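Please look through the model below before reading the notes. The points follow the fold first and then its overall form.

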Amino acid sequence: MLSSTKLSVALKADYLERLQQVGTTITLAAGETLFDAHSSSGEMHVIVQGDINLYKDGQNLPVVWLGTGDILGEIGFILRTPRTTTAKAGMNGCTLWRLD
């Protein structure tokens with residue numbers, strides 16, 4: 001699952017396989033919110049399939065689009081800082097791998 005993501009560039013295959021085993025897979029419907037701006041960031045996500053749109057407070061148009069293989073929430077996960085954007089699944093929904 002993670003072998004086709006950006007993590008595969010940075011990690012050896014055996015490390016990637018072990019890492020994959022400690023995370024969980026989640027699925028979001030189209031437009032479903034993954035997290036809100038200013039919420040706590042106790043996890044990071046890798047988009048396995050589909051896409052995520054990131055929104056700044058009060059904006060209806062996304063400021064960033066992320067697709068299959070992209071990573072989100074890693075900075076907040078490492079630094080334990082609040083989220084800076086709201087993340088919502090794209091028009092076809094998405095499947096993500098989550099590390100708590």
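1. How many bridges join strand S1 to S6, and in which sense do the two run? Strand S1 (residues 24-28) and S6 are antiparallel, with five bridges between them; strands count as paired if DSSP finds at least two bridges. Isoleucine 26 faces leucine 96 of S6 across this pairing.

2. This is a predicted model, in which local features need pLDDT of at least 70 and side-chain atom pairs pLDDT 80 or more, while totals for chains, interfaces and linings use all residues. Residues are numbered from 1 along each chain as its sequence is written, and side-chain values use heavy atoms, without hydrogens and water.

3. Strand S6 (residues 86-99) has ten of its 14 residues buried, where buried means under 20% relative accessible area with a 1.4 Å probe, protein chains only. For the protein of 100 residues, the buried share is 41%.

4. The protein has three helices and six strands, in the order α-α-β-β-β-β-β-α-β. Helices (H or I, at least four residues) and strands (E, at least two) are DSSP runs, numbered from the N terminus.

5. Of the contacts (heavy atoms within 4.5 Å) between residues at least 6 apart in sequence, 74% join residues at least 24 apart. The C-alpha trace spans about 45 × 30 × 20 Å along its principal axes.

Definitions and conventions: Buried means under 20% relative accessible area, exposed over 50%, partly exposed in between (1.4 Å probe, protein chains only).
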